[in-house]
Amino acid sequence: MRMTRLHAPTLKEDPKDAEVTSHRLLVRGGFIRKLAAGIYDYLPLGHRVLRKIQEIVREEMDRAGGQEVFLPAVQPAELWEESGRWGKYGPELLRMTDRKGADFCFGPTHEEVIVDLVRRDVRSWRALPLNLYQIQTKFRDEIRPRAGLMRGREFMMKDAYSFDVDDAAANESYDQMYEAYQRIFTRCGLDFRPVEADTGAIGGSRSHEFQVLADSGEDAIVSCDTCDYAANTEQAELTQAAVTETAADSAPRELVSTPNQRTIDEVSAYLKRPASSFIKTLIVDVDGALHAVLLRGDHELNEIKLGKLLDADHIGMASEEAVKSVTGAPIGFAGPVGIGDVESIIADNAVRGLRGGVTGANAADAHLLNVDEGRDFEVSQFADLRLAREGDACPRCGGRLREHRGIEVGHVFFLGTKYSDAMRCNYLDENAVERPMVMGCYGIGVSRIMAAAIEQNHDENGIVWPKPLAPYDVTILPLQMNKDDVVEAADSIYEELRSAGLSVLLDDRKERAGSKFKDAELIGIPLRIAIGGRGLAEGVVEVKPRQGGDVEKVPLADIVSYVTEFLA
């Protein structure tokens, strides 16, 4: 492709709404343009990258036994009503009505549609296992779309669905997809980590996220410094923390005044006691019932764990009025001693056995000292209820957990019979007995991979594409377009490299050399060939990798073999 024909409008200034590096560089490099909040046009350079990602995904999905389909983006409401998700999915589901008044949605995912397809066509155990996948546009009406392609409303996704005869076979399918994902993200040139994760709105019982490690990632993940355990902080299992005792022997409770000191940090500083000695009491609304949830003062509640423990549909912090109704005090002074009418008192494992603690006194501007779990209050149930953090013990080997930021680019779920039961997606076994198919589902954010790759691979001058994802393999910069020998050499090398099967971008614009160099670095093509009159007089061109390496003079006769070897 010649630059004079390529629609790649590069910009000198950063877009005002860009929050992360990938958003800034994709707009400046002429890869994407914003149409509406969280919705983007993909320009030719951006589309070339998307196609490269798609081909890697297709090759590995086909290798793993997947078969590609293409399903409708607009889905009828009755399928979602069958699965039970029409009323549960929430405002992220873009709903619409056709001219006849029928309800539809723009698919954020395709479990219902694929189940409907399979249940109509597959009846016998002989047709299983089956794995169908597609690469399709999805829409989720995010309340706050941000960070360009990392958290958009419309995005490109690969979603696959496996159907098996039983749990054992379904777990084999899950493992095959897990391994395929490892190959996909490795081939994309990404530094990633698979982590245990929550199943969320998709449902199911087994789940792994594939996280690209990047400081700009919005997901917090932890991994062990000794074994291969890794998990999302919301999913990470935790063993009971060592008890922090602030007194060698139990002392009588003491009521102290803490005027205007509400938060743990404020009261900790005021009383000169560590946050780890506090018992934080949260009044939580769980499906309309109020529970008191106790945590050590330096820990944070994991609402997902609490929701699973109580099998809840909705969890949120209680209103100020509700807090006052059970504590008799404003928010910030709740404590388990003498608390009012709550459904239960649930405590994180780290609270078990805590002695000499500090709690709210259920009275304004007051706290209690020397509170002992077991002596001063009773707990209905202990459980792992907190978010994992740096330094926690690994639940597998006892090593230390280290914290990272990650960008989720893939997610695999073991669904079981959640959808096949609800939608009667059954098969006949060898004895002609009807049984539900056991499912898995497997998603990859194709467009998000583009952003994640840039978050990991950039410098102060622009994008540094991994070789497998770059829009072109090599760019040629003739630096003196007014010299016939330079133009002829550029055209000759351009045709030779294309004949060798390489994708080449020839910057044939009549721009200054400095402008060409800046755009080449901004766009991030892996290898740059600069052609000037002085070099041609010596029979060489100047070649430089986009990342690292020095400028190297390569003889004209060797340029094809040099580039081919570099890209291998």
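I began with a sheet of five strands, open, in the order β28-β27-β29-β30-β31, with mixed pairing. This is a predicted model, so everything I note below was computed from predicted coordinates. Which strands sit at the edges here? I found β28 and β31 (552–555), each pairing on one side only. From one strand to the next, the twist averages 30 degrees.

I then looked at one pair inside this sheet. β27 and β28 run in the parallel sense and are joined over three bridges. In that pairing I see V474 standing opposite V504 in β28.

Next I checked which helices lie on the sheet. Helix α12 (residues 513–523) lies across β27 and β29, and I get an angle of about 170 degrees between α12 and β27. α14 packs on the sheet too, where it touches β27, β29, β30 and β31. The direction of α14 makes about 160 degrees with that of β29.

**Helix α11**

I moved on to α11, which covers residues 484–499 and has 16 residues. From first C-alpha to last, α11 reaches 22 Å, close to the 22 Å expected at 1.5 Å a residue.

Which residues of α11 are buried? My list reads V486, A489, A490, I493, Y494 and L497. Looking down the axis of α11, I find its buried residues within an arc of 135 degrees, so they line one face of the helix. I wrote a reminder next to this: an α-helix has 3.6 residues a turn, so residues three or four places apart point the same way.

On the face of α11 turned away from the buried side I noted the exposed residues D484, E488 and S499. What do the buried residues of α11 pack against? I listed β27 (474–478), β28 (504–506), β29 (527–531), α13 (533–538), β30 (540–545) and α14 (559–567). Just after α11 comes G501, with a positive phi of about 90 degrees.

**The three-stranded sheet**

I looked up another open sheet, this one of three strands in the order β13-β19-β18, with antiparallel pairing. β13 (254–257) and β18 (357–360) stand at its edges with a single partner strand each, so one side of each has no neighbour in the sheet. Neighbouring strands here are turned by 30 degrees against each other on average, ignoring direction.

I zoomed in on the pairing of β18 with β19. Strand β19 (residues 366–371) runs antiparallel to β18, and three bridges join them. G360 stands opposite H367 in β19. Their hairpin has five residues between the strands, and in it N362 takes a positive phi near 55 degrees.

Then I went through the exceptions.

K272 is not a glycine, yet I find a positive phi of about 60 degrees for K272. It lies in the loop between α6 (264–271) and β14 (279–286). Is K272 buried or exposed? With 74% relative accessibility, K272 counts as exposed, as the cut-off for exposed is over 50%.

D287 is not a glycine either, and D287 has a positive phi of about 50 degrees. I located D287 in the loop between β14 and β15 (289–296). Its relative accessible area is 43%, and D287 is partly exposed.

Where is the cis peptide bond I wrote down? It runs from L128 to P129, with omega near 10 degrees. P129 is found in the loop between α4 (111–121) and β7 (130–139).

**Nonpolar cores**

Last, I looked at the cores. The largest nonpolar core has 61 residues. Which residues have the most contacts inside it? They are F31, F185, I449 and W465.

I followed up on F31. Leaving aside neighbours within four places in sequence, F31 is in contact with a list of residues including L25, L26, Y42, L43, V49, I463, W465 and I523. D41, G46 and P471 are also among the contacts of F31. There is a second, separate core of 23 residues as well, and I noted I283, L294, A322 and V326 among them.

Terms used:
Residues are numbered from 1 along each chain as its sequence is written. This is a predicted model: local features need pLDDT of at least 70, side-chain atom pairs count only at pLDDT 80 or more; totals for chains, interfaces and linings use all residues. Side-chain values use heavy atoms; hydrogens and water are left out. Two strands pair if DSSP finds at least two bridges between them. Helices (H or I, at least four residues) and strands (E, at least two) are DSSP runs, numbered from the N terminus. Axes are lines fitted to C-alpha atoms, for helices over the stretch in contact, and angles run from 0 to 180 degrees between N-to-C directions. A nonpolar core is a set of buried Ala, Val, Leu, Ile, Met, Phe, Trp, Tyr and Cys residues joined through side-chain atoms within 4.5 Å. Buried means under 20% relative accessible area, exposed over 50%, partly exposed in between (1.4 Å probe, protein chains only). Contact means heavy atoms within 4.5 Å. The expected span of a helix is 1.5 Å times one less than its number of residues. The arc is that of the directions from the helix axis to the C-beta atoms.
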